[in-house]
Amino acid sequence: MDLQKPARTQDATASVAALRASDADRDRVADILREALAEGRLTADEHAERVDGVLSAKTVGELEVFIQDLPAAHQRPSGPGYAPAPPRPTDDIPAESDANVVAVLSSAVRRGRRRAGRRLHAYAVFGSVEIDLSEAIFEYQQVVIRAVSVFGDIQIRVPENVSLRGNGGGVLGNFEVAALDSAETDAPVVYVDGWAVLGNVEARPRRGKLVSDILERVQDKVERRLRKRLDR
């Protein structure tokens, strides 16, 4: 029985390596290469050559080749413990939205420290909508955002340590969701669905914004307020 374990491990690793690489995967590898250049592990020519290869890589396995000899590449598990988020929600998410963000010949913004809920609907008709979840409270593991833009613009931002998926299209417009995979298996997953009709829908991670960092900052603020009250 023990002799079969290495084979299963190799099969799982090969399955991950065969996955199509996302923009977030390329950004991760590019960041590792940039750090290696700064640390003197790579020369300028080596860095430039590897970055060119990263931009043309199509699978996760092809990306890993460019960083397999660097220490930073082994700080994030990429073996059988890593599982990408499903392309579609697996939870039973109600069809009714928890909140609506509507902009008709105007602009609407939803950001800050508030609950993300399970489902959010955004509509931009000759207007603009901004949804920033980088400081949101994720009560659920899966969140759906329905975005419909008609001659409008919808911008969606999420923390960089959640997973991001998209399913939609554009009719003489642009519907773009930068797929993102979190290294944490239990991280929230944000699904962006909808249409852009002569308009724009764009969803991307906000670099430098992490769910864990936000929780720590809120806890620090609470502790500081408590200390001030106790000192009175």
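Leu172 is found in the loop between β7 (163-171) and β8 (174-177), where helices (H or I, at least four residues) and strands (E, at least two) are DSSP runs numbered from the N terminus. The model is predicted, so local features need pLDDT of at least 70 and side-chain atom pairs count only at pLDDT 80 or more, while totals for chains, interfaces and linings use all residues. Residues are numbered from 1 along each chain as its sequence is written, and side-chain values use heavy atoms, with hydrogens and water left out.

Leu172 counts as exposed, at 73% relative accessibility; exposed denotes over 50% relative accessible area, buried under 20%, and partly exposed the range in between (1.4 Å probe, protein chains only). Leu172 contributes to a nonpolar surface patch of about 930 Å², together with Val102, Val104, Leu105, Phe126, Phe151, Val171, Trp195 and Leu198. Patches are made of residues with over 30% relative accessible area and no salt bridge, like charges being joined within 9 Å and nonpolar side chains (Val, Leu, Ile, Met, Phe, Trp, Tyr) within 5 Å. Accessible areas come from the Shrake-Rupley method with a 1.4 Å probe, and for residues only the protein chains shown count as cover.

Twelve salt bridges are present in the structure, each defined as a side-chain nitrogen of Lys or Arg within 4 Å of a carboxyl oxygen of Asp or Glu. One of them joins Arg88 to Asp193, with the closest N and O atoms 3.0 Å apart. Because Arg88 lies in the loop between α4 (60-65) and β1 (99-104) and Asp193 in strand β9 (residues 189-197), the pair ties together parts that are 105 residues apart in sequence. Arg88 is partly exposed at 36% relative accessibility, whereas Asp193 is buried at 10%.

A salt bridge is also formed by Glu139 and Arg115, whose closest N and O atoms are 3.0 Å apart. Glu139 is in the loop between β4 (128-132) and β5 (142-150) and Arg115 in the loop between β2 (107-110) and β3 (119-125), so this pair ties together parts 24 residues apart in sequence. Glu139 is partly exposed, at 44% relative accessibility.

Between Glu202 and Arg204, the closest N and O atoms of the salt bridge are 3.2 Å apart. Glu202 is buried at 16% relative accessibility, and Arg204 is partly exposed with a relative accessible area of 27%. Both residues belong to a network of salt bridges that also links Arg157 and Glu176.

Arg34 lies in helix α2 (residues 23-39) and is partly exposed at 48% relative accessibility.
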